[in-house]
Amino acid sequence: MSGFLHFLENEIQLAALSFLLLIYAMRLIWLFRLCSRREKTYAAGSAAAGIARSLLNIATPWSMESTRRHPGFYLQFVVFHLGVTAAITLSFIIPYAPQLLEQRWRVRSLQTLIGAALLVGLIRFGRRLVKANLRRISGIDDFLSLLLVILFFLTAIMAAPNRFRQSEWPLVAFFGLTALLLVYVPFSKIGHYLYYPFSRFFFGRQLGHRGVTAKKKNLP
Amino acid sequence: MSVEKSSADAFRDLPLETRSQQQAVGLKSVVNDRLKLYHRGEANGKRFLELLGRRLTRPLAASLAACVHCGLCAEACHYALARPDDPTMTPVYKAEQVRRLFKRHVDWKGRLLSRLRTRGGGIPDDAELNRLKNIVFGTCSACRRCTFNCPMGVDTAAIIRLARGILTELGIVPEGVFNVSRDQWETGNQMAVGETDFLETVEWVQEELRAEMGDARIEIPIDRPDCDFMYSLNPREIKFDPRSLANAAKVFHLAGETWTLPRFGWDQTNFGLFSGDDRLGAEVARNLYQAARRLRARRIVISECGHGYRSSRWEGYNWADYPQDLPSESVIRTLQRYLRQGRLAVDANKNLLPVTFHDSCNIARSGDMVEEPRWILKRVCADFREMHPHGRENFCCTGGSGLLSMAEYRPLRLEVAQIKAGQLRATGAKLVCTMCHNCVDGLGDVIKHYGLDMKVVQVLDLVTSALVL
């Protein structure tokens with residue numbers, strides 16, 4: 001392995017990851033500094049149950065009309081995010097636990113999963129381009145983020161076998177893109193996962209307390 | 001997302017300085033700086049951004065930051081469904097008009113990036129604020145259907161209300177919103193019913209009821225202390241629909257209830273919910289809670305009203321920073337208790353026409369009642385039919401969020417009401433029942449505009465007509 005690739009896989013990744021975490025920490029401090037009004041009302045349901053249900057909506061597509069009516073859309077969501085998870089995991093496996101990639105079936109499994117996610121990414125990109133309404137509500141970041149993730153998938157598939165002796169460029173491309181993404185993510189919509197727990201928490205807390213999304217208490 | 005031409009631009013010529021505002025100059029609420037007037041000038045944009053930063057709460061910030069532009073919300077919105085080729089009708093577009101200001105001027109991350117940009121995104125001028133007014137007041141009924149269908153939990157209705165509240169603070173509001181807010185600030189109720197009018201109407205309703213029932217003991221008590229509950233009304237019941245109060249009084253009498261109306265603080269509606277003005281919301285809600293405390297009532301019962309229920313039962317305590325000290329409930333729950341306890345005898349065969357139920361957005365999605373009205377209707381109607389979708393997935397009557405008071409947006413409102421009209425028509429029902437006075441008017445408009453063969457009734461109407469005396 002060349003010194004450059006080693007540097008890219010280790011020091012650069014750690015620096016980019018530190019930058020991402022720093023921005024996230026600043027975002028969380030900013031968010032927690034804002035007030036969050038406490039309920040002054042008698043509860044009709046359970047805030048805790050509402051929060052749990054709201055956070056679990058990710059695994060309960062039947063709970064929302066939008067995902068119930070479009071199971072294919074939900075399936076795409078699952079595959080896409082599993083692909084993201086797999087590609088991120090790969091960026092840690094290669095430098096820190098490369099022995100895990102010695103078995104061919106593991107590499108194939110990762111490539112298959114990421115490949116499926118890549119396909120979904122392309123479908124999503126096409127959908128955003130073709131559907132006039134979606135295109136017109138999209139900003140530059142909507143396209144750029146998706147494009148970067150598609151490229152991230154593509155390079156992950158190529159880097160997964162970790163054959164740096166044969167050719168380093170798939171790994172250079174993958175880790176180069178990973179570093180770029182780590183810096184870009186906090187400023188893009190890809191960082192939505194940071195806010196997801198918050199928005200779902202507040203939604204669930206309010207409506208659970210009111211007995212809208214959580215079972216109501218027995219009232220006299 | 002670009003700031004493209006919005007359908008709301010059709011209203012761009014609406015004046016910011018209305019006659020109502022010009023006539024309100026000396027009013028007490030204006031002098032006391034409660035009711036805000038529009039002042040032409042550059043400071044409005046700066047003030048908007050300042051208030052946007054100051055009013056930001058954690059839930060709002062999360063909603064502003066979390067959107068991924070997936071577009072699923074479009075399929076939940078009756079505006080977007082009725083105009084499928086118009087992106088400016090989608091909830092994401094409407095929220096984005098606030099979000100881009102937030103990102104550019106309030107969010108530190110966005111401010112950092114905005115230094116790299118060279119064009120656009122400056123401080124909004126009055127024309128842009130007027131445009132925003134037309135979007136947030138004129139193209140959204142804040143029904144929260146999109147919120148329930150957002151995978152991220154983005155509360156677009158809360159973002160819309162935030163923008164409405166800031167614009168209200170700048171006096172940049174539709175004339176109808178200004179007028180109703182003025183009346184509620186000035187008189188304590190949104191239809192400016194004076195105390196004499198109120199007392200005379202109540203007395204008249206009582207006399208009529210006594211004559212109808214042939215029972216001189218029937219009372220509509222005012223300011224009676226230590227009752228089981230204090231009843232609160234929608235001013236529409238005093239001004240246009242006293243039958244509703246008469247029905248309630250009849251049922252309470254037959255159930256052997258001890259109840260009272262307060263002389264002041266009887267209005268359970270709250271225009272602060274619609275205008276986004278938390279101070280008005282707090283003032284009106286406090287009037288109600290303090291009246292109940294003054295009369296030592298054991299609970300507050302709220303008559304059939306969607307936004308009134310949401311405001312009085314839920315939001316009002318928070319706006320007024322008033323820890324709830326008495327149980328408060330909708331009259332629907334009171335009726336349910338009477339029926340369960342056998343205090344009322346009803347016969348479903350007295351209501352033979354097919355009935356469907358329209359869930360009020362403010363009760364089903366922001367309140368806590370879906371099953372209760374159905375439990376009652378199944379006992380007082382012979383032919384009850386669900387509409388599709390219903391409950392928490394029901395579509396708005398199209399008159400929500402104060403839109404009934406904004407005449408300028410009526411053509412668009414009725415155009416997008418095709419979704420509601422289709423829903424109503426498919427039931428084949430002759431009566432559509434709702435537990436909201438606002439929905440009564442909203443649905444009435446839809447029925448008339450689309451020539452549907454049905455009438456709007458309320459739960460109390462059907463319970464009263466099913467009574468076995």
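How many helices and strands does chain B have? Chain B has 24 helices and eight strands, where helices (H or I, at least four residues) and strands (E, at least two) are DSSP runs numbered from the N terminus. The radius of gyration of chain B is 23 Å, close to the 23 Å that the globule rule gives for 469 residues, so chain B is as compact as a globular protein of that length. That radius is taken over C-alpha atoms, and the globule rule is 2.2 Å times the number of residues to the power 0.38.

The structure is a predicted model, in which local features need pLDDT of at least 70 and side-chain atom pairs count only at pLDDT 80 or more, while totals for chains, interfaces and linings use all residues. Residues are numbered from 1 along each chain as its sequence is written, and chains are lettered from A and ligands numbered from 1 in the order in which they are written.

Along the principal axes, the C-alpha atoms of chain B fill a box of roughly 80 × 50 × 35 Å. Of its 469 residues, 56% count as buried; a residue is buried if 20 or more other C-beta atoms lie within 10 Å of its own, exposed if 12 or fewer, and partly exposed in between, with C-beta atoms placed from the backbone. Two residues are in contact if their C-beta atoms, placed from the backbone, lie within 7 Å. Among contacts in chain B between residues at least 6 apart in sequence, 81% join residues at least 24 apart.

Two helix pairs illustrate the packing in chain B. Helix H12 (residues 195-213) and helix H14 (residues 242-254) of chain B have axes that come within 10 Å and cross at roughly 55°. Axes are lines fitted to C-alpha atoms, for helices over the stretch in contact, and angles run from 0 to 180 degrees between N-to-C directions. H12(B) passes H14(B) in a right-handed crossing, a crossing being left-handed if the near helix is turned anticlockwise from the far one by less than a right angle, and right-handed if clockwise. On the side of H12(B), the contact is made by Thr201(B), Val205(B), Glu208(B), Leu209(B) and Met213(B), and on the side of H14(B) by Pro242(B), Leu245(B), Ala246(B), Ala249(B) and Lys250(B). By class, this contact has seven nonpolar, one polar and two charged residues. Here Ala, Val, Leu, Ile, Met, Phe, Trp, Tyr, Cys and Pro count as nonpolar, Asp, Glu, Lys and Arg as charged, and the others, Gly among them, as polar.

In the second pair, the axes of helix H4 (residues 58-66) and helix H10 (residues 156-169) of chain B come within 9 Å and cross at roughly 110°. H4(B) is therefore roughly perpendicular to H10(B), and their crossing is left-handed. Pro59(B), Leu60(B), Ser63(B) and Leu64(B) of H4(B) meet Ala158(B), Ile159(B) and Leu162(B) of H10(B). The residues of this contact divide into six nonpolar, one polar and no charged.

Val177(B) lies in helix H11 (residues 175-187) of chain B and is buried, with 25 other C-beta atoms within 10 Å. Leaving aside residues up to four places away in sequence, Val177(B) touches Phe137(B), Phe274(B), Ser275(B), Gly402(B), Ser405(B) and Met406(B).

Chain A comes to nine helices and zero strands, and its C-alpha trace spans about 75 × 40 × 40 Å along its principal axes. Of the 220 residues of chain A, 32% count as buried. Residues 24 or more positions apart account for 78% of the contacts in chain A with a separation of 6 or more.

Lys215(A) is found in the segment after H9 of chain A. With 13 C-beta neighbours inside 10 Å, Lys215(A) counts as partly exposed. Lys215(A) touches Gly45(A) and Ala49(A), not counting residues up to four places away in sequence. Lys215(A) and Ala49(A) are 166 residues apart in sequence and 8.0 Å apart in space, C-alpha to C-alpha.

How do the two chains meet? In all, 39 residues of chain A are in contact with 46 residues of chain B. Helices H1 (3-33), H3 (65-69), H6 (132-136) and H9 (192-209) of chain A each supply at least two residues of the side that touches chain B. The largest share of that side, eight residues, comes from H9(A). Its residues divide into 17 nonpolar, 12 polar and 10 charged.

Terms used
Parallel < 35°, antiparallel > 145°, perpendicular 65-115°, else oblique.
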